[in-house]
Each structure stands twice: as C-alpha cells, then as structure tokens.
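Have the viewer open as you read.

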Amino acid sequence: MARYGFVIDLKRCYGCYSCQVACKAANHTPKGIDWAWCMPAETGSFPSALRQMLPMVCQQCDEPPCMEVCPTGATTQDEFGVVHVDQHLCMGCKYCIMACPYGSRQTIGGWDTYFPDAEGDLDPYEAYAKARWEEKNGYGMASKCDFCTDRVAEGRQPACVDSCPAKARFFGDLDDSESEISILIRRERGFQLNPEFGTNPSCYYLPPR
Amino acid sequence: MRPNLQAQTKWRWGVATYLFLVGTGAGAYVVGVFADFLGAGWTDVAKIGVALGFPLVTVACLFKVSELGRPYNAWRAGMMPGTSWMARGAILLTAFLGVSFLHIVLWLWPFSGALAGADGLRHALGILGGILAIGTSFYTGILLASNKPIAFWSTAMLPVLFMLSSLLSGLMAVVLVGLIAGLPFAGAIASLEHIIAALLVLKALVVTFYLQGTHRTPESRASAQLVLHGKVAPLFWFGVALVGLAVPLGLGFLDLFHFYGGATGGIAVLASLCGLAGGFLLRQVILAGGIHAPLRAGRFEIALPIV
C-alpha cells in the first residue's frame, strides 16, 4: 500500500505564496484558515544573515498526535497515511490544535468575508466558496489539509504542487523506494520538521543552500 | 535570530473555569468523604464536602460544553479512551457525577435516611466516589501535560500542582460554605484551617519548582518569561502569588493564632475567597503561558503562526 508523502525543496522555494492561494481556491478555505501556508525565517546576523521561506502543509504524521488526542474519533488515518477529520464527529474541543506541533489544525467560528467593505450579499464566487466550505467542513471543527484527497483520487496532483511555479513541491509514494520523492529524500538528505516529537511526518524538506 | 514565540489563544478563560471548577468540586468531595471517616464531630464538614462535588462539577461540564465549537457533539467525548486523555476524562467525570449524585440523593436529600445509618455502605460509596474524584482532578493536569509541543505544560509537575490546587480549593470551598452556613470557627473548621495553611506553603513550593523546571527548552523559557515578566505577569504576581497564596496564608495565621483578639471566622471567609480566586487564576496563568515549540528546519527556528 502506498504512503503518500510530500517533498518540499527549500532551495527552490522563493516565497511567492502560490501554494497558499491555490490551496484556498481548491479547498474554499475561509479567511483565517490556511491549509497550506508560507512562513519567512531568518538566521544569522549581518553580514552572513540568511532569509528562507518555509512552505507548510499538514505533515500527515505517521504517528499523528492530533488523532491520538481526539476524544470523539473524528480524526482518522486512511490506508495512504493521510489524516482526515469527519466534520460530523468533531466536537470542536481544540485538543488537536494544542497537540499538533506544526500548527496544521485550525478552526473558525463563522465565515468572515474577504471583502468587508463590499455592500450587500457575498459576490457569487465567495458565496460558492462559502457553500462548499459549509458542505465539506463547516464551522467550529478543527479542519486540516488532506493532501487534496479528491484531486489525488482523480489522478491529479495536490493543488499546491500543481501551482508551484518553482517546482519546489513533489508529491508521491514514500513506500516506493524508486519514486521521485524517495530518490530526492535519499539523494539530497531530506529531513523532517521537529523529529523530537516522534511523529514521523510524511512531509520532507530538502535543505536550503 | 530568535523566533518571536506567541502563546496559544484557543484555550483561555472558559477552559480555565472548567479546570478550576472540576478541581474544586472533586477536591471538596474528597474532603467530605475523608471527613465522614473522622466521626460525629466532622459530620457537617462531610456533608458540605459531599454536597459541593456534584453541583460544581456539573457547572464545570456546562462551561466546557459551551466552550466547544460543536457542543451538540459533546456526547461523543468519551469515544476514544484508548488514546485520548480528554475521552478518559469525560468517562471519569461522568462516573464521578453519577456516584456523587447518588451519594447526595441517598444521604443528604431527598432520601436522607437511606445511608444515614448504613455507615459501611456510605463509606463504600464515598471511597468509590473519592477514587473517581482523585482521578478527575489528576485528569485536569494530564489534559494539559499530554500536549508535547507545549513544553510549559508537558511536565509531570503540572498534574501534581493541579491535584494539590484541587485539594486546596476543595478545602477552602468547604470552609467557606461551612462558615456561611453558620458553623463555628472551631473544631473541624479550625482543623481544616491548619491543613489549608500547610497546603498553601506546599503549593507555593510546588509552583516555584514548576516554574524552575521550565529552563529545559527555549519555548518553556519563553513561557516562564511571559508568566514572570511579560503580559501574564500581573495576573501571576497579583492574582496567584499575592491574592491566591500570600493573603490567605497571612490571614490564616491571623485567624489561627488569634492575633486580632478572637477567632470569628470572618477572616477565614475572606482567606477562602482569596484562595479560591488564586486557584482559578493559576489555571488561567498556566493556560495563557502555553507556547508551542518553534518549527525546527535545519538552522532555522520559526515560530508557529498564532495558534
């Protein structure tokens, strides 16, 4: 059975936020919810200071702490290692938000329009996004990235991978030693975030220069 | 460059109230059950303690449910006891509510005669409820301590601190209600004041050890900085240290050693109110000091967006 994984090449990412916007468009996430996002980081000091973007998605941990703490069984892991939330079971206790080391679980109480100055009803596109969000996720639950499961089932790549202009994101099967991501991890010494928590994430990063 | 670590914002006053009321209710019940073993002079204290457990924990649960994003799913809270401490807590709370309700109904009201003469049965029920109460107050600490990314919470000292604080809050609630109900400041109530004074000293030591233990990681040091010198510091120094520990301890000594010329219990009421406020604020301070570990990517350390 495949174990889906991500590789993000920090050498290639230049922080254009395409992944963040593509994820919003594909998953209709409301304002304040970002299943894929980028964070700028700095290290060192002048004249050897370094700036780096860190693109984030849910790390789809092999040992997901959010699933471990979920009291209702709303958080589950499928046969591909992807962690899902059942909106009908979640009670919105936010325990998973506390337990996730990566900030991947997010919650929102209601739809906050992207265009607060606009008068009248939501425009048709935002109204569509709101309806889709309410249908698939809704409010008060701790939502998360699911590696674009619907798109992957159709044979497509996750939206953030498809949209990355720098080709910094790779999606594939971690269990297949000959897959592109497995080769990249081996060849370029891919690493996981915060290994000290023992979660064994399915998302690997290739080191920056 | 050090990341700008931010405290979590999702668990605040509502959860602090829940943790405090669960702890106080469970603590009062344990005091009541223990007092029931001490003989006739302690009957009033025993009845007050047992009577406080159920209502306080019920109100706590209502706070928790109202704080949920989807309260209508609250009934599912105990579905995953194999892995989730919140699920285990939900089961413990339900069991405690059942036993403590039965204890009240059969001993105090409306069937007050049912257990009045049956000491063995009443004690057995009390022991069962007491075990559940201890588990319940222990759970409030474990609930936070099980979050590994928040090093300020993820320590064995936290359940110990919450257990101690629960017992102390329970004792103070019993003294407060007892004095308001007209019990004299003598005998059992005066003895409880001695225990409270000793536990206040112990709590001050445990709080000190707890904060001293935060040097382990950058995020727990940031938490300690926030609590001792940052935005949360006024709440900690004024609310927990002064109102919650120093004032009740000082007033307790005044009462116990009759420095003001005679024990009336009025000062004990004030001391209990201060101590209870301190117990509540302690939970809030600990919640407000919770900071997630930064993301560590090679040489980079990046603070999570505000959680």
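## Where the chains meet

Two residues are in contact if their C-beta atoms, placed from the backbone, lie within 7 Å. Keep in mind that this is a predicted model. On that basis, 35 residues of chain A touch 37 residues of chain B.

Which elements of chain A each supply at least two residues to the side that touches chain B? They are strand E2 (37-43), strand E3 (50-56), helix H2 (65-69) and helix H3 (95-99) of chain A. Sorted by class, that side of chain A holds 23 nonpolar, nine polar and three charged residues.

## H2 against H3 in chain B

Now over to chain B, where helix H2 (residues 43-67) packs on helix H3 (residues 85-107). Their axes are 9 Å apart and the angle is about 140°. Angles over 145 degrees would count as roughly antiparallel, so H2(B) and H3(B) come out as oblique to each other. Their crossing is left-handed.

From H2(B), the residues involved are B:Val50, B:Ala51, B:Gly53, B:Phe54, B:Val57, B:Thr58 and B:Cys61. Facing them from H3(B) are B:Leu93, B:Phe96, B:Leu97, B:Ser100, B:Phe101, B:His103, B:Ile104 and B:Trp107. The tally for this contact is eleven nonpolar, four polar and no charged residues.

## H2 against H5 in chain B

H2(B) also meets helix H5 (residues 157-180) of chain B: the axes come within 9 Å and cross at roughly 115°. Is this crossing left-handed or right-handed? The crossing of H2(B) and H5(B) is right-handed.

H2(B) brings B:Asp44, B:Val45, B:Ile48, B:Gly49 and B:Leu52 to the contact, while H5(B) brings B:Ala173, B:Val174, B:Val177 and B:Gly178.

## A three-stranded sheet in chain A

Back in chain A, look for an open sheet of three strands in the order E8-E1-E9, with mixed pairing. Strand E8 (169-173) and strand E9 (203-206) are at the edges and have a single partner strand each, so one side of each has no neighbour in the sheet. On average, and ignoring direction, neighbouring strands of this sheet are turned by 25° against each other.

Strand E1 (residues 4-9) of chain A pairs with E9(A) in the parallel sense, over four bridges. Lying across E1, E8 and E9 of chain A is helix H7 (residues 180-187), which runs at about 115° to E8(A).

Note on methods
Residues are numbered from 1 along each chain as its sequence is written. Chains are lettered from A and ligands numbered from 1 in the order in which they are written. This is a predicted model: local features need pLDDT of at least 70, side-chain atom pairs count only at pLDDT 80 or more; totals for chains, interfaces and linings use all residues. Axes are lines fitted to C-alpha atoms, for helices over the stretch in contact, and angles run from 0 to 180 degrees between N-to-C directions. Angles under 35 degrees count as roughly parallel, over 145 as roughly antiparallel, 65 to 115 as roughly perpendicular and the rest as oblique. A crossing is left-handed if the near helix is turned anticlockwise from the far one by less than a right angle, and right-handed if clockwise. Ala, Val, Leu, Ile, Met, Phe, Trp, Tyr, Cys and Pro count as nonpolar, Asp, Glu, Lys and Arg as charged, and the others, Gly among them, as polar. Two strands pair if DSSP finds at least two bridges between them.
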